[in-house]
Amino acid sequence: RSRNSRQAEMQARIDSAQQMSYWQFRQQYTAFGQTPPFFATLSWFVKWDYFNYGMGIILLGNAAMMGVQADYFAKTADTNIPIPFRFSDAFFCVAFTIETLL
């Protein structure tokens with residue numbers, strides 16, 4: 001087969017994999033004696049509904065923490081940032097950076 005037909009077949013598999021579990025996705029490849037390429041697996045993961053749900057939960061958590069931080073600094077005259085706020089800021093920064101890189 002030509003390279004274009006293999007790429008078209010792979011893209012069709014990726015597009016149809018949005019509702020599949022990872023094991024169904026792998027089984028579709030291994031049925032043809034192939035292992036899924038790294039980027040095909042990564043594409044499946046990013047399009048997976050549960051990835052989107054997880055990122056939505058992280059986004060809501062970030063919004064809640066921003067509200068808690070704003071409330072804390074509005075009620076206190078403290079200029080030092082408490083350690084839990086630093087950890088939460090670092091966590092959300094890393095989580096959103098990873099999402100962007102994917």
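Which residue forms a salt bridge with D71, and how far apart are the closest N and O atoms? The answer is in the third view, and the notes here apply to every legend.

The model is predicted, so that local features need pLDDT of at least 70 and side-chain atom pairs count only at pLDDT 80 or more, while totals for chains, interfaces and linings use all residues. Residues are numbered from 1 along each chain as its sequence is written, and side-chain values use heavy atoms, with hydrogens and water left out.

**View 1. The packing of helix α4 against helix α5.** Helix α4 (residues 49-75) and helix α5 (residues 83-101) pack at an angle of about 150 degrees, their axes lying 11 Å apart; helices are DSSP runs of H or I with at least four residues, numbered from the N terminus, and axes are lines fitted to C-alpha atoms over the stretch in contact, with angles running from 0 to 180 degrees between N-to-C directions. α4 is therefore roughly antiparallel to α5, a term for angles over 145 degrees. On the α4 side the contact (heavy atoms within 4.5 Å) is made by residues including F51, M55, I58 and L59, and on the α5 side by residues including F85, F92 and F96. The residues of this contact divide into twelve nonpolar, four polar and two charged, where Ala, Val, Leu, Ile, Met, Phe, Trp, Tyr, Cys and Pro count as nonpolar, Asp, Glu, Lys and Arg as charged, and the others, Gly among them, as polar.

**View 2. Q69 of helix α4.** Q69 lies in helix α4 and is buried, with a relative accessible area of 14%; buried means under 20% relative accessible area, exposed over 50% and partly exposed in between, for a 1.4 Å probe and protein chains only. Leaving aside neighbours within four places in sequence, Q69 is in contact with F85, S88 and D89.

**View 3. The salt bridge of K75 and D71.** K75 forms a salt bridge with D71, with the closest N and O atoms 3.4 Å apart, and a search of the whole structure finds one such bridge, defined as a side-chain nitrogen of Lys or Arg within 4 Å of a carboxyl oxygen of Asp or Glu. Both residues lie in helix α4, four residues apart, about one turn of the helix. K75 is exposed, with a relative accessible area of 66%, whereas D71 counts as partly exposed at 39%.

Methods:
Helix = DSSP H or I, 4+ residues; strand = E, 2+ residues; numbered from the N terminus. Parallel < 35°, antiparallel > 145°, perpendicular 65-115°, else oblique.
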